[in-house]
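Dear colleague,

I am handing over the structure below, together with some notes on what was found in it. Please look through the model first and then read on.

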Amino acid sequence: MRTIIACILALTACHDLYGWGQKGHDITAAVATLHLTRESREMVRNLFEGKSLVYWANWLDNASHSPHYEHTLSWHYVNIDAEECVDSVLSVAVSDSTHIVWAIGRQVEVLRSETASRTERQIALRMLVHLVGDIHQPLHVGHRSDRGGNDWPVEFFGVASNLHEVWDTGLVERAHAWSYTEWAKEIDSPIIEEDGYRLDLYRVYAKGSPADWARESHLIACDIYATTPQLSPLSYDWVARWSPTVEQQLHKAGCRLAMLLNEITMVVTE
Ligand SMILES: [Zn+2]
Ligand SMILES: [Zn+2]
């Protein structure tokens with residue numbers, strides 16, 4: 001019996017629809033931590049009672065499966081079909097409480113609200129750190145018809161998989177064998193240009209709205225679909241092709257999470 005349960009758990013873990021794998025969320029939170037203002041660090045320390053952003057980054061993937069948070073199951077993504085107009089879907093998604101675009105805005109609202117309880121703000125922060133990660137996983141803004149790549153079978157290093165799962169976990173794990181802290185440090189290091197000018201990409205990435213970020217992810221997803229036919233045997237060359245994209249998406253996610261938190265604390269402390 002125990003073996004059967006273990007097999008079922010292993011299978012469901014392999015077919016998680018709900019986000020970057022744990023590594024992707026940890027990296028996003030670790031990058032964000034590097035860019036928090038003193039006020040934001042204080043808000044995180046206060047609401048998380050000494051725990052870090054990384055500590056809670058994966059919480060929502062598990063919580064969404066509990067009856068209390070069942071309504072958040074659809075908050076991890078927004079899918080858009082090839083024949084749909086991206087802009088009109090996203091403009092509806094901003095006010096549609098079943099989507100990630102709305103859900104991110106909602107958590108920001110709760111964190112800004114003066115009437116929200118401490119518990120509500122704690123939960124909102126846990127959700128926000130997770131969802132800003134998810135909206136940067138291109139296949140979380142994939143096509144509805146194949147459930148964001150879940151119904152797009154591929155072979156990854158000889159093992160049957162699907163495009164969504166490969167983007168959630170396989171690609172991140174194969175791109176670099178780094179810990180989440182090493183990932184954060186490597187992708188977030190400033191670029192030193194020839195004239196010695198130090199370019200911190202935080203300034204470049206920390207802008208836009210959740211709808212803008214979803215549009216960006218969707219365009220990347222379209223490119224992934226176009227260059228990865230169903231049943232493709234994916235291996236080293238495919239990982240090399242997409243590693244810079246996964247690095248950039250995780251980097252952007254971290255910078256934008258920091259931006260939202262820094263904006264929230266600016267309003268609160270003004
Ligand atoms: Zn998720
Ligand atoms: Zn996912």
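The protein chain has an average pLDDT of 92, and 92% of its residues score at least 70, pLDDT being the predictor's confidence in each residue, from 0 to 100. Over residues 5-16, however, the pLDDT is below 50, and this stretch has 4 contacts in the model beyond near neighbours in sequence, where two residues are in contact if their C-beta atoms, placed from the backbone, lie within 7 Å. This is a predicted model, in which local features need pLDDT of at least 70 and side-chain atom pairs count only at pLDDT 80 or more, while totals for chains, interfaces and linings use all residues. Residues are numbered from 1 along each chain as its sequence is written, and chains are lettered from A and ligands numbered from 1 in the order in which they are written.

The core comes next. The largest nonpolar core has 67 residues, of which I100, L128, V129, L131 and V132 touch the most other members; such a core is a set of buried Ala, Val, Leu, Ile, Met, Phe, Trp, Tyr and Cys residues joined through C-beta atoms within 7 Å. Helix α13 (residues 236-269) gives the most to this core, with 11 residues, helices (H or I, at least four residues) and strands (E, at least two) being DSSP runs numbered from the N terminus. Not counting residues up to four places away in sequence, V129 touches A29, L53, W56, A57 and L257.

Helix α2 (residues 22-34) packs against helix α8 (residues 118-134) at an angle of about 110°, with their axes 9 Å apart; axes are lines fitted to C-alpha atoms, for helices over the stretch in contact, and angles run from 0 to 180 degrees between N-to-C directions. That makes α2 roughly perpendicular to α8, a term for angles of 65 to 115 degrees, whereas those under 35 count as roughly parallel, those over 145 as roughly antiparallel and the rest as oblique. On the α2 side the contact is made by G24, H25, T28 and A29, and on the α8 side by V129, H130, V132 and G133.

A221, in helix α12 (residues 210-227), is buried, with 24 other C-beta atoms within 10 Å, and, leaving aside its neighbours within four places in sequence, A221 is in contact with P138, L139, V141 and G142. W178 lies in the loop between α9 (163-175) and α10 (180-187) and counts as partly exposed, with 16 C-beta neighbours inside 10 Å; apart from neighbours within four places in sequence, W178 is in contact with W183 and E186.

With kind regards

Notes
Buried ≥ 20, exposed ≤ 12 C-beta atoms within 10 Å, placed from the backbone.
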